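Please keep the sequence and the 3D view side by side while reading.

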Amino acid sequence: MEANGYVAALDIGTSEIKLVVGELLGGTLNILAEGCAPSAGVKRGAVVDIDKTVQAIKQAVEHAEAALGDQVRSVYVAIEGEHIQIAPCHGIASVKREDQEITDADVIEVINSAQVMRLPDEMSVIDVIPSSFTVDQQTGVVDPRGMLGYRLEMHGKMVTGSKTILHSIRRSIERAGLKLDGFVLGNLALGMSAASVDEIDLGIGLIDIGHEKTTVSVFYRGDLVYSYILPVGGDHMTRDLVYKLNCKYQDAKVAKEEYGLALEEMADATEGFSFTNINGEVAYEPQAEISYVLEARIEEMFTLVLNRVQKVGVPALSGGYLLCGGAAALPGIQELATRVMGQKTRLYQPSSIGVRHPKYATAVGVLKYVLMSDHHVSKQNLEKPEEREVVSSTTKTDRQPDAGDEYDSTERESKNGFGRLMEKLFGV
Ligand SMILES: Nc1ncnc2c1ncn2[C@@H]1O[C@H](COP(=O)(O)OP(=O)(O)OP(=O)(O)O)[C@@H](O)[C@H]1O
Ligand SMILES: [Mg+2]
């Protein structure tokens, strides 16, 4: 967090690095600056070339600083990818004050105590997210501060990730001259800030269509219950057009982004893309043909997503679906998703000028998440992972749940509690 109260969030994507800087003004998110730079050296959420990533981060920071008129010194970073695991966790602490009133310090201590887990050597803790607290015998407490008690318990989840991947990201941030404020689980932050508490309670699917991957997240009964990464995204759409148009990648990208639609039937018969093909010949492709290719690819993607979501075990996603990520900017994609998924679907893109594009959804989601919870305050008081004692083992929870194991009564109670906690923190 910057000294003057604003916060910066960074999304290290495969095609672009997105940085947004914002502050809270009267409880509302105010975006102050954004920076975007072509990414090189990143593959599906993992840094594969630190030097190239550092250059791209610096470029995004310079853009943002020009708009901000100030230096960006530290960032929260969105974390995603197959290496992420989410496990239930539990902490216990004795209340410190003699009058037994629970304070911020007790909450921080109980959260820290939950991090006393035995992790595989290659994994490290990214975040601990409380779902509910127990004060002595009283369960289901949303915020224990100010209550009286002797014993405080926390039930929640712990997010862990690959040490190697986190290290490369951390190193890239530091070498770009920035301080790392913390890692934030990108799809969780995005869902919690883009969907309403009711939608998260009823069930909602978040589909983030990026460059090389599509991240599918299911929220139900107040919680993130399932995440899945489909290794298909906007890059595959562009490559389909490279074959169809027999052109260079960059021309196919222009065809997609400037003329493409996700529904062929929406095409304008007078619209089309003029280009020079790979043989050096002048060529023309009608919008309908470009869109036909895109529609086929996207329809297949949504069908794969639907098959996955149907196996999650959530009875019905009454909240429907939210679409975001750069490729969700294709006109008609909302209509196509509604048809394939059989549920109402809406596009999520931040509303502020400068970030009004679905590619900014994750960076803005992280910004909102850290600003509207007191995450950025409490994180600074958490112990560093290296300082943690290690004693029991985690289980992977981002798997497909077996019938009945995901929604037992205790889980349900804590998930509703988490929803209420978020409602309190986000005020929605
Ligand atoms: N207007 C547009 N129409 C169609 N596609 C678009 C448009 N704008 C951006 N895209 C596509 O969106 C993709 C990039 O989206 P995004 O920035 O969300 O991905 P990323 O975060 O870099 O990648 P990933 O999440 O896979 O790591 C690119 O394939 C790009 O071509
Ligand atoms: Mg992305």
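Predicted model: local features only at pLDDT ≥ 70, side-chain atom pairs only at ≥ 80, totals over all residues.

How many of the six residues of β1 are buried? Six of the six residues of β1 (residues 7-12) are buried, so the strand is largely enclosed by the rest of the structure. In a regular strand, side chains alternate between the two faces of the sheet. In β1, Val-7, Ala-9 and Asp-11 point one way while Ala-8, Leu-10 and Ile-12 point the other way, and all of these are buried.

β12 (residues 204-209) is mostly covered, with six of its six residues buried. Ile-204, Leu-206 and Asp-208 point one way from β12, and Gly-205, Ile-207 and Ile-209 point the other way, all of them buried. With strand β13 (residues 214-220), β12 pairs in the antiparallel sense over six bridges, and the two form a hairpin with four residues between them; within this pairing, Ile-204 has Phe-219 of β13 as its bridge partner. β12 is also joined by four bridges to strand β17 (residues 321-324), the two running parallel, and there Asp-208 stands opposite Cys-324.

Another part of the model holds an open sheet of four strands, in the order β7-β10-β8-β9 and with antiparallel pairing. Its edge strands are β7 (85-94) and β9 (138-141), each of which pairs on one side only, and the twist averages 40 degrees from one strand to the next. Within the sheet, strand β8 (residues 123-135) and strand β10 (residues 151-162) run antiparallel and are joined by eleven bridges, with Phe-133 standing opposite Met-154 in β10.

Two helices pack on this sheet. Helix α2 (residues 104-113) touches β7, β8 and β10, and its direction makes about 130 degrees with that of β7. Helix α3 (residues 163-175) touches β8 and β10, and its direction makes about 80 degrees with that of β10.

Which residues of α2 are buried? They are Asp-106, Val-107, Val-110, Ile-111 and Ser-113. These residues cover an arc of only 160 degrees around the axis, which puts them on the same side of α2. The buried residues of α2 pack against β7, β8 and β10.

The last stop is ligand 1, which is surrounded by 24 residues, the closest being Gly-13, Thr-14, Gly-210, Gly-234 and Gly-326. By class, the shell around ligand 1 has twelve polar, nine charged and three nonpolar residues. Helices α6 (234-245) and α7 (249-259) each supply at least two residues of that shell, and the largest share, three residues, comes from α7.

Note on methods:
Residues numbered from 1 in each chain as written. Chains lettered and ligands numbered in written order. Near = placed C-beta within 6 Å. Nonpolar A, V, L, I, M, F, W, Y, C, P; charged D, E, K, R; others polar. Buried ≥ 20, exposed ≤ 12 C-beta atoms within 10 Å, placed from the backbone. Pairing = 2+ DSSP bridges. Axes fitted to C-alpha atoms, helices over the stretch in contact; angles between N-to-C directions. Contact = placed C-beta atoms within 7 Å. Arc of directions from axis to C-beta.
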